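Let's take a walk through a protein chain together, one piece at a time.

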Amino acid sequence: CSDRMSKKNALIVILLVLFADQVTKIYIKTHFELGHELVVFDWFKILFVENDGMAWGAKLSDFSAHISDKTAKLVLTLFRLVAVAAIGCWLHTTIKKKSAHHLICALVLIFSGALGNIIDSVFYGVVVDDSLGQKASLFGENPYGSLFYGKVVDMLYFPVLKGYLPNWMPFVGGEYFTFFNPVFNFADVAISTGVGLLLVYNHRNSSSKQNLN
């Protein structure tokens, strides 16, 4: 982020994040079969997975037997749309008020990442084919879903540490573990970075108020 985050600069950052996010997702979707893995280093792999739920692959339907997977997916997509709109309004207000640089940067990254993932959720079901056992095509004749029912494409996998837990550990001793296990994408990186900046901004803001008191 630049030292002075104007509307123009914010738009440039948003477009750059969206470009990097969508290009990598479309490339993976059209060049990898679902579950295909490319080893870059022992601690870094490109692993194509799709996520139709919340963070960590959770679903609303996991918490209630009365909610079907299809209904849960629609509710989640609509919630994401509302959340993106709210973050966009917050970002517009902070830029207009010329708020703190760290706050604006954080919101730009969070908004960019959230928008990147919502594109998958809203549109991918109608613009790409299924990737199970095949490499999908863009704008093919057999899209895998419908509007608002797309799956988020993830591919960045960092299994930094792998091995078996010591037997002396209660409950989990002897079990195989991987750290870091989640698979994510560039939109997730932008969101995580933005949240980190937001936490730093809030900490500094709180410290400044305490010093003034």
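We'll start at the end of a helix: α2 is followed by K98, a residue whose phi is positive, near 55°. Before going further, keep in mind that what you're looking at is a predicted model.

Now look back along α2 itself. This helix has 28 residues and reaches 40 Å from its first C-alpha to its last, close to the 40 Å expected at 1.5 Å a residue. Which residues of α2 are buried? They are A72, K73, L76, T77, R80, V84, I87, L91, T94 and I95.

Time to zoom out. The chain contains 4 helices and 6 strands. Follow the elements from the N terminus and you'll read α-β-β-α-α-β-β-β-β-α. Of the 213 residues in the chain, 34% are buried. Take the contacts with a separation of 6 or more: 63% of them are between residues 24 or more positions apart.

Next, let's go inside. The largest nonpolar core has 24 residues, and the ones touching the most other members are M5, V13, I14, L91, I104, V108 and F111. Helices α1 (7-31), α2 (69-96), α3 and α4 (186-212) each supply at least two residues of this core. Which element gives the largest share? That's α3, with 12 residues. For a close-up, pick F111: leaving out residues up to four places away in sequence, F111 touches I14, V84, I87, G88 and L91. Apart from this core lies another one, of 12 residues, and among them are I28, F48, V127 and L156.

Is S112 buried or exposed? S112 counts as buried because its relative accessibility is 1%, and the cut-off for buried is under 20%. Setting aside neighbours within four places in sequence, S112 is in contact with V13, I14, V17 and L18.

The other stop is A106, also found in α3, which covers residues 101-127. A106 has a relative accessible area of 0%, so this residue is buried. Again ignoring neighbours within four places in sequence, you'll find A106 in contact with G194, L197 and L198. How far apart are A106 and S192? In sequence they are 86 residues apart, and in space they are 9.4 Å apart, C-alpha to C-alpha.

Finally, come out to the surface. The accessible surface of the chain comes to about 12,900 Å², and 64% of that belongs to carbon and sulfur atoms. Look there for a nonpolar patch formed by L38, V40, F41, W43, V160, L161, F179 and F180, which together have about 750 Å² of accessible area. Strand β1 (residues 37-41) gives the largest share of this patch, 3 residues. Why does F179 count as partly exposed? Because its relative accessible area is 48%, which falls between the limits of under 20% for buried and over 50% for exposed.

Notes
Residues numbered from 1 in each chain as written. Predicted model: local features only at pLDDT ≥ 70, side-chain atom pairs only at ≥ 80, totals over all residues. Heavy atoms only, no water. Buried < 20%, exposed > 50% of the residue type's maximum accessible area, 1.4 Å probe, protein only. Contact = heavy atoms within 4.5 Å. Patch = residues over 30% accessible without salt bridge, like charges linked within 9 Å, V, L, I, M, F, W, Y side chains within 5 Å. Areas by Shrake-Rupley, 256 points an atom, 1.4 Å probe, with all protein chains shown as cover. Salt bridge = Lys/Arg side-chain N within 4 Å of Asp/Glu carboxyl O. Core = buried A, V, L, I, M, F, W, Y, C linked by side-chain atoms within 4.5 Å. Expected span 1.5 Å × (residues − 1).
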